Amino acid sequence: MSVLLDTPASAPNLSRTPSLKTWVWPLIVLVVAFGLVPAFGTSYLFEGILLPFLALSLAGVGLNLLTGYAGQVSLGSAAFMAVGAFACFNFNLRVDGLPLFGSIILAGLTAAAVGLVFGLPSLRLRGFYLAVSTLAAQFFVQWALTKFSWFSNESASGVIDAPALTLFGFTFEGAVGRYYFALTIVTLLTFLAYRLVVSEVGRNFIAVRDNETAARIIGIPVLRTKLFAFAISSFIIGVAGVLWAFAYLRTVEPAGFNLDRSFQILFLIIIGGLATIRGAFYGAALIVVFPLILSRLGALVFGDLFDSGVLDMAQRIVLGALIILFLILEPDGLAALFARIREKIRGGFLRS
Amino acid sequence: MTGFDWLFFTEVLVGGLLSGVMYSLVAIGFVLIYKTSGVLNFAQGAMLLFAALTFVSLTERGINFPLAFVITFAIMVALGIAIERAVLRPLVNKPPITLFMATLGLSYVLEGAAQLVWGTQVHGLDLGIEDLPFDIGGVFISQFDIFAAAVALGLVVALSLFFRYTRIGLGFRAVADDQFAALAVGLKLNWIWASVWAAAGLVALVAGLLWGARSGVQFSLSLIVLKALPVLVLGGFDSILGAIVGGLLVGATEKLAEVYIGEYFGGGIESWFAYAVALVFLLIRPAGLFGQKLVERV
């Protein structure tokens with residue numbers, strides 16, 4: 001088990017300094033996301049698709065740093081989302097005069113600290129054993145948040161309500177406002193994650209993933225690198241939890257951050273592509289949109305037979321089958337698939 | 001402080017050990033597959049649900065107990081072969097963690113399929129054994145627990161005999177020992193894998209029936225997998241003996257902790273306590289109690 005995960009064929013070319021061209025597409029996407037989408041989007045598009053998409057994408061980016069780049073499999077992502085959400089709620093509630101921005105950063109740091117604690121086993125454990133031990137985070141956090149009502153300010157069954165979203169004196173209101181709020185944070189953190197991945201730390205992550213012993217020999221501090229991967233990944237996932245709770249759902253309880261959510265985030269990076277930043281976005285888009293498509297399609301084909309119970313089960317089956325299919329047919333995920341399609345199209349143009 | 005109530009302690013301990021047997025039963029299914037194919041099969045819980053749900057639905061349609069058992073077993077065998085064909089064979093030689101993720105997907109498919117076909121309502125399952133406590137020297141023990149323990153013991157003995165004295169069993173052991181050598185002497189790896197998944201299906205069926213009789217046949221059966229994982233971590237992924245001892249250990253400590261220290265935490269600690277025990281243990285002995293010591297190489 002020296003190689004934990006397949007080395008993606010599409011591993012970013014790290015030696016190359018990012019040229020202007022690298023930024024063209026992300027910039028176009030950003031211009032569209034900030035400028036065009038709010039002009040045309042309906043409130044359903046924001047509430048039902050874009051907000052969960054943004055929160056899940058960010059969680060995917062965070063998990064991808066840990067699992068895709070540093071090679072440490074975690075099944076406890078939802079726990080770190082929960083820590084982020086509840087920490088932000090409490091900082092905002094209990095510390096007077098702390099702006100929301102400060103609460104979010106502190107929430108991320110809290111999630112990072114918790115991630116660090118649950119990352120400690122990674123110093124001795126690998127592979128499955130580590131994956132199982134991250135499950136401990138999942139159960140412990142959920143239990144603690146439900147059990148001690150202090151975390152939710154003594155509300156019944158641990159439900160928390162989101163405060164007004166005010167950043168730098170500007171309040172984000174309504175679906176579009178919350179969309180801007182989430183988009184701003186996701187953009188910032190994704191940029192940070194990208195810078196991290198192409199930096200020395202990112203290369204250390206990959207070295208540790210591909211061959212721990214070799215990494216140690218060339219002088220990479222393996223233990224520190226692993227712990228840092230847990231911390232930074234949990235930070236980002238924690239902030240994603242804040243977005244999930246505050247921007248998307250507005251009221252949330254600990255049960256919302258259950259094991260299924262953790263799996264969902266793991267699935268989305270497998271589908272999107274491990275060890276790519278954009279993969280998290282592709283994967284999240286698929287995970288958010290496919291149940292909607294499935295329900296429309298099911299209703300169209302089966303009519304009334306396709307009720308919500310059947311839909312639920314059909315979703316599970318299709319999602320599970322998708323995971324298996326991707327692992328078999330496209331282990332590098334949608335990112336690799338799209339890259340190949342792009343190459344094909346380009347090749348076609350050149351020939352004609 | 002009043003004297004320590006030993007009788008009560010024993011009762012809790014025995015109750016814990018017996019529920020630990022049920023964990024062991026689930027864990028054995030994992031071990032079978034891990035030993036021969038190096039896959040940590042997360043779908044074991046889903047297989048358990050699938051088997052129990054199929055069985056109950058068959059009996060509810062008026063099929064008698066032995067026939068329903070045989071039919072369900074046949075379905076589990078078919079399932080094992082299908083899984084080998086559709087999932088394992090295309091993923092051969094992939095890193096173990098990829099296979100693990102594939103079984104995650106598989107568990108979603110199985111859970112969905114079982115409930116899509118048989119519905120999501122809770123089914124009662126009566127195995128004809130009453131859950132009456134009886135008295136041994138002042139300690140009350142549930143009759144059903146004893147029965148479950150006996151079945152588990154029988155299953156383990158049967159499996160050991162099977163591994164030791166049959167040709168297929170010998171094949172299993174050969175594959176577990178060294179896959180390439182097994183291939184070299186002409187063992188058909190595909191068949192071995194299919195049959196080991198079928199065997200795990202049988203274990204899932206038995207465990208599913210016992211758990212189902214206990215708590216009703218419903219979706220939560222699938223979550224037993226989460227109880228079995230710390231057992232595996234404790235016992236080592238590749239040891240049947242480890243699965244049994246680990247199960248007993250987890251069952252006993254969990255119950256004792258819940259009774260004696262649970263109140264300091266406000267109760268409900270059984271959701272994570274087993275994991276805490278397993279983690280602490282792992283830090284001391286990373287290969288588990290009986291697991292093979294893995295020398296990590298480059």
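This is a predicted model: local features need pLDDT of at least 70, side-chain atom pairs count only at pLDDT 80 or more; totals for chains, interfaces and linings use all residues.
Two residues are in contact if their C-beta atoms, placed from the backbone, lie within 7 Å.

View 1. Leaving aside residues up to four places away in sequence, L243(A) touches L54(A), A55(A), L58(A), A182(A), I185(A) and Y248(A). L243(A) is also, together with A55(A) and A182(A), among the residues with the most contacts inside the largest nonpolar core, which has 208 residues. Helix α8 (residues 189-215) of chain B gives the most to this core, contributing 18 residues.

**View 2. Helix α11 of chain B and what covers it.** The 15 residues of α11 (residues 270-284) should span 21 Å at 1.5 Å a residue, and because the end C-alpha atoms are 22 Å apart, the model agrees with that expectation. The buried residues of α11(B) are W272(B), F273(B), A274(B), Y275(B), A278(B), L279(B) and L282(B). Their cover includes α5 (127-147) of chain A, as well as α9 (224-235) and α10 (240-260) of chain B.

View 3. Over residues 39-59 the chain is 76% helix and 0% strand, with end C-alpha atoms 33 Å apart, while over residues 65-87 the chain is 100% helix and 0% strand, with end C-alpha atoms 32 Å apart.

**View 4. The fold of chain B, with eleven helices and two strands.** Along the sequence, these elements follow the pattern α-α-α-α-β-β-α-α-α-α-α-α-α. Of the 298 residues of chain B, 47% count as buried, and among contacts between residues at least 6 apart in sequence, 75% join residues at least 24 apart.

Conventions:
Residues are numbered from 1 along each chain as its sequence is written. Chains are lettered from A and ligands numbered from 1 in the order in which they are written. Helices (H or I, at least four residues) and strands (E, at least two) are DSSP runs, numbered from the N terminus. The expected span of a helix is 1.5 Å times one less than its number of residues. A residue is buried if 20 or more other C-beta atoms lie within 10 Å of its own, exposed if 12 or fewer, and partly exposed in between; C-beta atoms are placed from the backbone. A nonpolar core is a set of buried Ala, Val, Leu, Ile, Met, Phe, Trp, Tyr and Cys residues joined through C-beta atoms within 7 Å.
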